Amino acid sequence: MLKLVCIDVDGTLVGSSGTVTEEVWEATREARSRGQHLVICTGRPAFGKALGYAQKLDPEGWHIFQNGASIYHVQTGETLSASFPEELLPWLEQLGKEKNWVLELYSDTDYAVEDTHRFAREHAELLGLPFDPRPFTALKGTPVRAQWVIPIEQTRECMALMPESVTLSPAGSPIMPDAMFISMTRKGVSKASGIQKIADKLGLTIDQVMMVGDGHNDAEAMKVVGHGVAMANADDEARAAANHHVGHVDEGGLIEALELSWIL
C-alpha cells in the first residue's frame, strides 16, 4: 500500500460537472481509513472550493496549492510557502495591459485581480468566490504566485515571453474550456517540489508516493514520484509522464487510481 497519494483537482477530482461525485468521496474515505495520506495537489489557491476539497479529503493534513507555491496545513494553518519575485510585478502588469490578458496575484490566503474581463469573472466563480476586482496593492499577505488567464490559443505566445526566473505551470479546466491558466511561481517551485516537502514531513521516500493528474502542471510531479497516474482525459504530456493509466474523470478514474494505490 502506498502511504501518500497526491490528487490534482480540475480534470482529476472535479470533472465537467464542476462537482465531486459521492462515489469519489466514498473512495477517498476508504483510502484514509486504510491509513493512507491523501493530499490535494492543485494550481488552485488554499481558499474557496479548493480549501473545502482539502478539508474533506484530509482535515488533519498538509495540502499543496498554487502549484507548490503554497503548502498549507488545513488544521493548524502552518505553511511551507515560497514567495514570488515581486520585482517582476510591474513588468507583468504592463504586459497584461498591452496584450489584454487577465493577471491575478495570490498570497497564501488571498488573491487580487484588477481586470473585469469575463475570464476574471468566470474564474472567480470556478474558485467559489465573489467577483471583487481590486488593485494588487490591496492583496493581504506576501505574494506567492502570479497567474495569467488567457485565451487558450495564445498559450505559446504567453509562455515564450515569460522570464527564466519563474516556473511556468499551464493548466486547463473542463469548466472553462476556452481559457488557459498559466501559473507563475519562483524558479524551482512546482507541484513536484511541494510533494517532496510533504514526503519529507511524513518520513517517506518519493518512490512511495502516487501522483494522479491530467495536465502539463502534473507531468513533472508524475515523473519524480514512484507512481504517476494519468486520467483518460489527460493531455499528451501527462500521459507520457505516467506509468499507470486509469479512466476518465467523469467515469470514476480517480476511484481506479485509489484502488491501485492499495495494491501497489
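Start by selecting L105: its bridge partner in β7 is A146. This is a predicted model, in which local features need pLDDT of at least 70, side-chain atom pairs count only at pLDDT 80 or more, and totals for chains, interfaces and linings use all residues. Residues are numbered from 1 along each chain as its sequence is written, and side-chain values use heavy atoms, with hydrogens and water left out.

Next, select residues 102-106 (β5) and 145-151 (β7), which pair in the antiparallel sense over five bridges. Strands (E, at least two residues) and helices (H or I, at least four) are DSSP runs numbered from the N terminus, and two strands pair if DSSP finds at least two bridges between them.

Widen the view to the open sheet of five strands, in the order β6-β5-β7-β9-β8, with antiparallel pairing. Because β6 (111-113) and β8 (166-171) stand at the edges with a single partner strand each, one side of each has no neighbour in the sheet.

Move to the largest nonpolar core, where L13, I40, Y53, V212, L254 and L258 touch the most other members of the 32 residues. Such a core is a set of buried Ala, Val, Leu, Ile, Met, Phe, Trp, Tyr and Cys residues joined through side-chain atoms within 4.5 Å, buried being under 20% relative accessible area (1.4 Å probe, protein chains only). Select α2 (49-57), which gives the most to this core, with five residues.

Last, pick C6, M211, A221 and M222, which are among the 23 residues of a second, separate core.

Definitions and conventions. Buried means under 20% relative accessible area, exposed over 50%, partly exposed in between (1.4 Å probe, protein chains only).
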